[in-house]
Every structure is written in C-alpha cells, then in structure tokens.
Amino acid sequence: MRAIARTLRRLRRSPFFAVVISVAASTAATTLVAAAAEAHPAGRWTKEERAMLRSLSLASLGPLPADPSNRYADDSAAARLGRALFFDARLSGNGKVACATCHVPASDFQDGLPLGRGVGTAARRTMPIAGTAYSAWQFWDGRADSQWSQALGPLESPVEHGATRAQLAAVLGAAYRAEYESVFGKGTLTRATTGKDGVDRVYANIGKAIAAYERRIGFAPARFDRYVAEELAGGVHSPQGTLSRDEEAGLRIFIGKGSCTNCHNGALLTDQHFHNTGIAAAPGLAVDSGRATGVRRALASEFRCDGPFSDARPDDCAELSFTVTEGPELVRAYKTPSLRNVADRAPYMHAGQLATLGDVVAHYSAAPAAPFGQSELKPLRLSADERRQLEAFLRTLSGPLAAPPGWLEAPAARR
Ligand code: HEC
Ligand code: HEC
C-alpha cells in the first residue's frame, strides 16, 4: 500500500490524476495501472482525445452499408462466382491478367508497384480493396459510384485486362454458365449474348458478382485498436495492445499538431473524400486532374447508380445527386486512402510518387505547393524526432485482413 500511496502522490501533480484515481479502487491491479501510466506518460489522454481515439478504432466501424444499386451484393452464390472471376485470367485480352494479378490478396490486395501492371502499365497505383465497400466513390479520382461499376473499368481498360464485353460474355458462357444462371436467372446468359444490350447486361452482372466478393473483405484489429480498447478500459495494456513511447507520441501528433485526422478520420482512417495534398506529378505521365475529371466521368457513366443497369431507385442515389461537380478544390484532389495496413504497402500516393513512409511524413512536414490546383496542407515543420514518432505510430495500424475462411486465396479448382 505504501508504494501505491507514493505513486499516487506523484500522480497527483499530473492532470491525469482523476483518471488514475478512479481506477485505483484499492485492488491489486492498482499498482499495475499506476506503473503503466508512469512508464508511458504520453499515453494519458483527455476526454476529447479519448473520444477521438475511440472514433479511429475498428470497434467504431459501422455495419457494412447496403448497396441498393446491386441487388446481388449480399447474395452468397454471387459472391462465390465473383471470387472465381476475381482470380480468373481468362477474363483478359491476353489470357494472363486477373484482378488478383494487381490486387494480390497476400499483399493486402495491391502489388507494391508505383504503377499497376497488367496487359500494359496503368497511370496510377493499385489501390487496396479491403473496406472499400464503405466508400461511396471508387478509384483515386472517384470516377465510379459503386463497387460493381468500378470492377467494370479494369476489364475493358487496354492497359489492365484489355478484354471486350463480347469476349467476357463468351468466357462466362463457356466456363461459368451454371454459376451465372443460378444467380442471374435461367437462360439469361444465352439470351444475353445475342444482342449488344445483352452483352452489356452480362458485363454489368460480372461487376455485381465481383463486388459481392469484395464486400466481404475487411480488416481485423491492429495493435492500435487493441491499445485503444485497453486504454478506454482503464489503461492496463497487454503485450498485443502496447504502444511504445515513440508510438504514443506519434499518435498524439496524428490527432493533434499534425491535423492528420482532418482527413484520415473514422475507423478506416479516411473521410472518403477528395483532397489536393500537393503531391508532385509523376514524370512521364499524362496530365492528371484527379477528382475534377473523375466526377465528370462518374456522371457520364452508363453504369452510374441511377443508370439503366443499376438496381437502385433514383432516391437511393443521393451521393450522386449531391456530389460537388465543380470547383477549384477538385483539381488534383485524390481520394483519401485508408491508413489501415499502410506500412505494408509502399510506395505511396496515387502514382507511387513517395517511396517510403518516411518520405510521406517528410512531405506533410514540408507541405510543398501543388504542381497545379491548390494544396490544402500547411507545413507542419516537424522535428526529426517527431517525424520518427509519427512514422512509428503509422506502423501500429497494421493487422490481418478479415474475410470468410479461404477467401483470400483463389478457389482451388481454378488455380
Ligand atoms: C493492371 C493492374 C490492375 C488490374 C488487373 C485491376 N486493377 Fe483494380 N486498380 C488498379 C489501379 C491502378 C487502381 C487505381 C486506378 C485509378 O484510380 O485510376 C485500381 C483501383 C481499384 C479499386 C478502387 C479501390 C478504391 O479504394 O477506390 C478497386 C475496388 C479495384 N481496383 C478492383 C479491381 C477489380 C475488381 C479488378 C478486376 C476486374 C481490378 N481491380 C483489376 C490496378 C488494377
Ligand atoms: C487535407 C487532407 C489530408 C490531410 C490533412 C492528411 N492527409 Fe494523408 N492523404 C490524403 C490524401 C488525399 C492522400 C492521397 C494523395 C495522393 O495520392 O495524391 C493521402 C495519403 C496519405 C498516405 C499514403 C497512403 C497511401 O496508401 O498511399 C499516408 C501514409 C498519409 N496520407 C498519412 C498522413 C498523415 C500522417 C497525416 C498528418 C501528418 C496526413 N496524412 C494528413 C489526405 C490528407
């Protein structure tokens, strides 16, 4: 008891005394709590900070949002078909490219390259897929307004799958007739392949099946999430939920002086919006205006939420109706990426412009002017120690993916 009294005397001088004292209900755990708080002084959080930590933790993630534009989104037979299609290289012009060629499940569904490489080379970096069902807009520029309409883009892109709609319908007819018709209706594939509209319908349905698969891929807790849970439960940390002093200091910068949570907020650490952060243009690529062009393409798409291939009612398409379509803030604005598992997927930014997490943190510290458009960032002027701490914190956001058993691999029969 004397030791506890001594600890409490020391703590009384700290603003966190109240928090600690409320836990100090004369149990044996008290010494542990007090000792832990002392070992990590940076780990004591105000009420507001605790609310922020809670909001960033995976435990705050809401239920998977419905996709009224895809009637098959939660159909498990559609998801099984979508999974097979995701891994099938026959859906490509040269028979060698599947979604999984670039979105490698074992690498967080991306490829570690600055620019995605399929039949040719893409003009942007491959994005991870886990959690994207929470995102109203897909792609770095948000040019698709659903997961199913997104999936159609790479299939026809000459540098990704390089396939045609007629070719895709033929592959479905030859290899997936039973699976396809059990989801989309008997005879639909035969009828579909006879006319242009039918080929488009099969094309849209391929997207809907793939989206049903992708929806089921999410995140499992990272060390950061365990830390937050334990912090909110009183501050006793398990080995799996401990942050080092540097990591805690980095977290403090992340939610404080760094203003990172202005954009990287919520349980996926993204606001799902578009921002110009002054990332340099990648040399050798065509001019990229980001969201400014992306929003126009989303509105022009025949596969948009209120289009003829969507299952939504017009009033289900609020995102589309209310999105900002013009303004200087859209120029070179890109979708805020989730920071979950970010340490495992260098290089960074929409065209892999920054090689390491250290380079990313240095970018935020300096906040250079945008090549065109206006960067929203202000220089943070972080010290070398602060940069190191912020980077250390970003590394605590890595955890496993969550998916039905075996779904992070190609289905056995088609490997
Ligand atoms: C050649 C590599 C490549 C292939 C093949 C490929 N992708 Fe991608 N994927 C990318 C790139 C690059 C982007 C970003 C493109 C952009 O923003 O312009 C992307 C973006 C995405 C996104 C957006 C994620 C987000 O957060 O907005 C999803 C989802 C996705 N791809 C799924 C798929 C599916 C499904 C397939 C197969 C039908 C596929 N991709 C095939 C490279 C590829
Ligand atoms: C104004 C909104 C905004 C703020 C503030 C912001 N970010 Fe970002 N962040 C973005 C956007 C947008 C991108 C993608 C930019 C691009 O590719 O051009 C990004 C990309 C990143 C990436 C790379 C992820 C990847 O997959 O490529 C990391 C890491 C990152 N931010 C960390 C931070 C940290 C740390 C802070 C605070 C110091 C911060 N961000 C502040 C919007 C923001």
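Reader: Of the 29 residues around ligand 1, which come nearest?
Author: Cys99, Cys102, Gly116, Gly118 and Pro154 come nearest. A residue is placed near the ligand if its C-beta atom, placed from the backbone, lies within 6 Å of it. The model is predicted: local features need pLDDT of at least 70, side-chain atom pairs count only at pLDDT 80 or more, and totals for chains, interfaces and linings use all residues. Residues are numbered from 1 along each chain as its sequence is written, while chains are lettered from A and ligands numbered from 1 in the order in which they are written.

Reader: Which helices each supply at least two residues of the shell around ligand 1?
Author: They are α6 (99-102) and α7 (147-156). Of these, α7 gives the largest share of the shell, 5 residues. Helices (H or I, at least four residues) and strands (E, at least two) are DSSP runs, numbered from the N terminus. The protein has 17 helices and 4 strands.

Reader: How do the residues around ligand 1 divide by class?
Author: There are 12 nonpolar, 11 polar and 6 charged residues. Ala, Val, Leu, Ile, Met, Phe, Trp, Tyr, Cys and Pro count as nonpolar, Asp, Glu, Lys and Arg as charged, and the others, Gly among them, as polar. The shell around ligand 2 has 14 nonpolar, 8 polar and 1 charged.

Reader: Which of the 23 residues around ligand 2 come nearest?
Author: Cys260, Cys263, Tyr348, Met349 and His350 do. Helices α16 (357-366) and α17 (384-394) each supply at least two residues of that shell.

Reader: Why is α16 called oblique to α17?
Author: The two helices pack at an angle of about 125 degrees, with their axes 9 Å apart. Axes are lines fitted to C-alpha atoms, for helices over the stretch in contact, and angles run from 0 to 180 degrees between N-to-C directions. Angles under 35 degrees count as roughly parallel, over 145 as roughly antiparallel, 65 to 115 as roughly perpendicular and the rest as oblique. The angle therefore makes α16 oblique to α17.

Reader: Which residues make the contact of α16 with α17?
Author: Leu357, Gly358, Val361, Ala362 and Ser365 in α16 meet Arg387, Leu390, Glu391 and Leu394 in α17. Contact requires C-beta atoms, placed from the backbone, within 7 Å of each other. By class, this contact has 5 nonpolar, 2 polar and 2 charged residues.

Reader: What makes α13 and α17 roughly perpendicular?
Author: Helix α13 (residues 245-255) packs on α17 at an angle of about 95 degrees, with the axes 7 Å apart. The pair therefore counts as roughly perpendicular. Among the residues in this contact are Gly250 and Phe254 of α13, and Leu390 and Glu391 of α17. The contact of α13 with α17 has 7 nonpolar, 2 polar and 5 charged residues.

Reader: Why does Leu269 count as buried?
Author: A residue is buried if 20 or more other C-beta atoms lie within 10 Å of its own, exposed if 12 or fewer, and partly exposed in between, with C-beta atoms placed from the backbone. Leu269 has 23 C-beta neighbours inside 10 Å, so Leu269 is buried. Leu269 is in the loop between α13 and β2 (274-275). Not counting residues up to four places away in sequence, Leu269 touches Leu56, His264, Ser338, Leu339, Arg340 and Leu397. Leu269 and Arg340 are 71 residues apart in sequence and 7.0 Å apart in space, C-alpha to C-alpha.

Reader: Which residues of α12 (residues 223-232) are buried?
Author: Phe224, Asp225, Arg226, Tyr227, Val228 and Glu231 are buried. What covers the buried residues of α12 includes α4 (47-56).

How values were computed:
Contact = placed C-beta atoms within 7 Å.
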